[in-house]
Amino acid sequence: MPLRLLKYGLSRDYPVSGDIPATPELKPAYDVVIIGGGGHGLSCAHHLAKYHGIKSVAVLEKGYLAGGNTARNTTTIRSNYITPEGIAFYKEGVELFERLSQELDFNVMFSQRGQLTLAHTEATMRSFHLRAEMGKHMGTRTEVVDQKGVEELCPLLNMDYGGPLEILGGLWHADGGTARHDAVAWGYAAQASRRGVEIHQRTEVQGFEVVGDRVQAVNTNRGRVACGQVLIATGGMNYDVALMAGVELPIRCYPLQAMVTQPLKPWLNTLVSSVSLHTYLVQSSRGEVVIGGGSDPYQLYSTRSTLDMKEHLAEGAVHLFPFLQGVRLLRQWAGITDMTPDYSPIMGASPLANLWLDCGWGTWGFKATPVAGKRMAQTIADGRVPDILKPFALERFETFQLLNEMGATAASH
Amino acid sequence: MKLLTCPMNGPRNIDEFQSFGPVRARPDPNATADRDWSRHLFRAENRKGVVVEWWRHVPSNYFFLAERDLVSNEILRTFDASELRDRA
């Protein structure tokens, strides 16, 4: 062995410890307890530790790290929503993704390749014009393109000229992109644990001790933990977990199904989405084509996959790109989405003084992983909700100030 | 193919049916505060367990009720809406 290599082998820095430490013993108390070890919870933990100096933080995860909806989403990052409040929030999210690999010192494989949403009807074109103008007004890169523009952006698309699903135009969102979902969660987990955050896997919250308007402690399968502040960020289990604390959220759970094809050579260089076909496609850096996203048409807590939904997604995908007809499917899966009535999340305060919500992320949560974590950390550190999150308050349903993003949500509902 | 047994049309592919969500008690319009209206509009039963929900057989436009387990997706029973009315 060359001697020059030996000095590295004998260095005290090696062997390198794993990025994410093994689950430690649970302490009796933490300043902040984050329920849910997915992207959102880990992002919040990272921001608390790095930007607010709060390091007595425990992330409690029922299963394994980022094994819920962080692992099951279809990795779309975009800000082409329709309400000013929604666009402002998601725009900050896209900007955080643009520098996330640097922030985390971890390659999240962010690829800002743009998103093309297709219109097959005049009604959809009208809604695209509204979204494009809202997007421009809010400072995002969103514009309507005609048929020629669609062909230039995605030459392999079946335009179906003269057919029943003729593509009339599209909404081109140059800010749109994709990233590796696992890496996002691992990067946040590694950074947070390096600063003292404890990540407790296989630690299930089974109840809350509420005294007056405060959560004194959470009870887990590994014992009782007293807490200064608590955040609920449990994806598909948000309704269930909040209910344990006596908070009933306006959420209904539906499975969202997706699938990937075998790896192919690179041919799809944008994200493509069709409103009428309820189908969207993105090619991963491994070459697999990710096809989503079919929401089941009725409430359910099961992550089973169904042939019906696979047929539906395959039909849409093969219509848009007929040469996919012979391609094999590699995997299928489902996640439980916590759908809100207005297709916007619920962030901020709960009826309990020290219980905070990062819930209602339905089918649109992955793109907000950095910004939701950043803003929820700020909320917990300051003890008050920042302006950018105020429109997403739970109370908006009582005051009928809904934030309707249904038309700007890609999955079928 | 998942089957749903329609009380009128018998067992059919569940694709022929449309879900209308859990049954909710209708508030009294003359004695309901805004807060309770919002609750009625926006909060539906979502607990892990059995729900009673409205379904429609689309081709025949027939509405009926089903008891379904939200975890196992087992349809335990389907019945005509008059049963609920008679019970009330």
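Entry 1, a strand pair. I looked up strand β11 (residues 271-274) of chain A and found that it pairs with strand β12 (residues 279-283) of chain A in the antiparallel sense over three bridges. Strands pair if DSSP finds at least two bridges between them, and strands (E, at least two residues) and helices (H or I, at least four) are DSSP runs numbered from the N terminus. In this pair A:Ser273 stands opposite A:Tyr280 in β12(A).

I noted that this is a predicted model, in which local features need pLDDT of at least 70 and side-chain atom pairs count only at pLDDT 80 or more, while totals for chains, interfaces and linings use all residues. Residues are numbered from 1 along each chain as its sequence is written, and chains are lettered from A and ligands numbered from 1 in the order in which they are written.

Entry 2, the sheet. I traced eight strands of chain A in an open, mixed sheet with the order β4-β5-β3-β11-β12-β13-β10-β14. Because β4 (142-145) and β14 (329-339) of chain A stand at the edges with a single partner strand each, one side of each is left without a neighbour in the sheet.

The assignment for chain A, automatic or from a database, gives domain 1 (26-73 + 182-251 + 342-408) and domain 2 (114-175 + 253-339). Their contact takes 16 residues from domain 1 of chain A and 13 residues from domain 2 of chain A, where contact means C-beta atoms, placed from the backbone, within 7 Å.

I found 18 residues of chain A in contact with 12 residues of chain B. On the chain A side, α9 (238-244) and β10 (252-261) each supply at least two residues.

Conventions: Contact = placed C-beta atoms within 7 Å.
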